[in-house]
Amino acid sequence: MADNEALARLVQGDHTDAVEAFEGRIVDQVTGNTDADFTSLVRRTVVAWTRAFGSPDAEAANPSLLRRILTAVRTAIRRILRGLGVRAQQAMEDSLTDAVMLGARQGSEWLRQVGGGRHDPLPARPSRGLRGATARIAAAVDERRNRALALLRPASSRRWSAVASAIGTARGAVASIRTNVTWVVNQAVNEGLMAGIRAVGARKLWIAERDACVNCAAYAGHVVDVGADFPGGLSFDPAQRGRSDDLPQPPLHPHCRCRVVAWKDSWAVEGVPSLPEALRREARRSVARGWSLPSETNAARIRAARELLRTGAGLPKSVEEFAATAVRAGRFANRSVPA
């Protein structure tokens, strides 16, 4: 069996990168130049506003000119987003089987590394629930478009900042597509992984990214039977505990790239910490070091580190002192995972 570091590197590195690239291909295929189109719209509109009212900071003084500008912006938003949600949903539906099989192939590679022997990926089909999840993609784009159009009324858009905000709302459709594609793809990948776990009669081991949020990190190294759910509401941050129901497998939240892999206690090497133990320790170390993505608040990481120190981190003295210094300062200065 490969050592724990090699196994973690395989899943947290190579496999995660492959899934992220898969998501990116779908999003890029669908959105194309959409983001650039919104950039162009912002540029054209701020020029029109300046010509009509003197400067971007000026309030619209001519109702007729304001209506013309808002009509043009509303027309442009409809044009840019026309059919985008439907195309995104169709692209995701067309990619579901490939996403499930990506998980199945990664599961087979994992089994070869951890258990040895030959393990061919099992053919796996997307579940009915997974197919239903794609419907949210088109709905999210429509919601963004409708909200933006509602904001572009003369009574509420008398300043350029309000118009820019409405365009930003419409532009958020691109981000919503990425969020929903990430969610569905990671559900599909985990379905493919589950097929291999069932085939070898193993249990489910939760693996989180090294810079996972305080909620996902709390699941790292957890093992449950193949037919059981992971307990809901786990978190290193006491303020976020108990906020979710039990779940069969990841993802835990949008943009979550956690996954389950097969695990048997017989794969552990005597005298060496098992992989689940190593993952749990690494998660505590991540909390103590404050490793996280910029999207997570410093406050959440500090609360998590404080709670970890209070309950016993079980980490080297230097790591615990680092965490204690950050807690006293109220912030982690550098939250990037070291290369």
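These legends accompany close-up views of a predicted model.

**Figure 1. Overall fold of the predicted protein.**
The protein holds 11 helices and 3 strands. Along the sequence, the order is α-α-α-α-α-α-α-β-α-β-β-α-α-α. Its C-alpha atoms fill a box of roughly 80 × 50 × 35 Å along the principal axes. Of the 339 residues, 47% count as buried. Among contacts between residues at least 6 apart in sequence, 74% link residues at least 24 apart.

**Figure 2. Helix H3 and its buried side.**
Helix H3 covers residues 63-81. Its 19 residues should span 27 Å at 1.5 Å a residue, and the end C-alpha atoms are 27 Å apart, so the two values agree. The buried residues of H3 are Leu66, Ile69, Leu70, Val73, Arg74, Ala76, Ile77, Ile80 and Leu81. These residues lie on the same side of H3, because they cover an arc of only 160 degrees around the axis. An α-helix has 3.6 residues a turn, so residues three or four places apart point the same way. The partners of the buried residues of H3 are helix H2 (34-53), H4, helix H6 (135-151) and H7.

**Figure 3. The packing of helix H4 on helix H7.**
H4 takes in residues 84-115, and H7 takes in residues 160-199. The two helices pack at an angle of about 35 degrees, and their axes are 7 Å apart. Their crossing is right-handed. From H4, the contact draws on Leu84, Ala88, Met92, Leu96, Ala99, Val100, Leu102, Gly103, Ala104, Gln106, Gly107 and Leu111. From H7, it draws on Ile177, Val181, Val184, Val185, Ala188, Val189, Glu191, Gly192, Leu193 and Gly196. By class, the contact of H4 with H7 has 16 nonpolar, 5 polar and 1 charged residues.

**Figure 4. Surroundings of Met92.**
Met92 sits in helix H4. Its relative accessibility is 0%, so Met92 counts as buried. Leaving aside neighbours within four places in sequence, Met92 is in contact with Ile26, Thr134, Ile137, Val181, Val184 and Val185. Val181, Val184 and Val185 also belong to the H7 side of the contact between H4 and H7. Val30 is 62 residues from Met92 in sequence, yet their C-alpha atoms are 9.6 Å apart in space.

**Figure 5. Gln249 in its loop.**
Gln249 is found between strand E2 (223-224) and strand E3 (259-263), in the loop that joins them. Its relative accessible area is 18%, under the 20% cut-off, so Gln249 is buried. Residues up to four places away in sequence aside, Gln249 touches Asn190, Glu191, Met194, Trp206, Phe230 and Val260. One of these, Glu191, also takes part in the contact of H7 with H4.

**Figure 6. Helix H10 and the residue that follows.**
H10 runs over residues 298-311 and has 14 residues. From its first C-alpha to its last, H10 reaches 20 Å, close to the 20 Å expected at 1.5 Å a residue. Buried residues in H10 are Ala300, Arg301, Ile302, Ala304, Ala305, Glu307 and Leu308. They pack against helix H8 (214-217), helix H9 (275-289) and helix H11 (317-329). Just after H10, Gly312 has a positive phi of about 105 degrees.

How values were computed: Residues are numbered from 1 along each chain as its sequence is written. This is a predicted model: local features need pLDDT of at least 70, side-chain atom pairs count only at pLDDT 80 or more; totals for chains, interfaces and linings use all residues. Side-chain values use heavy atoms; hydrogens and water are left out. Helices (H or I, at least four residues) and strands (E, at least two) are DSSP runs, numbered from the N terminus. The expected span of a helix is 1.5 Å times one less than its number of residues. Buried means under 20% relative accessible area, exposed over 50%, partly exposed in between (1.4 Å probe, protein chains only). Contact means heavy atoms within 4.5 Å. Axes are lines fitted to C-alpha atoms, for helices over the stretch in contact, and angles run from 0 to 180 degrees between N-to-C directions. A crossing is left-handed if the near helix is turned anticlockwise from the far one by less than a right angle, and right-handed if clockwise. Ala, Val, Leu, Ile, Met, Phe, Trp, Tyr, Cys and Pro count as nonpolar, Asp, Glu, Lys and Arg as charged, and the others, Gly among them, as polar. The arc is that of the directions from the helix axis to the C-beta atoms.
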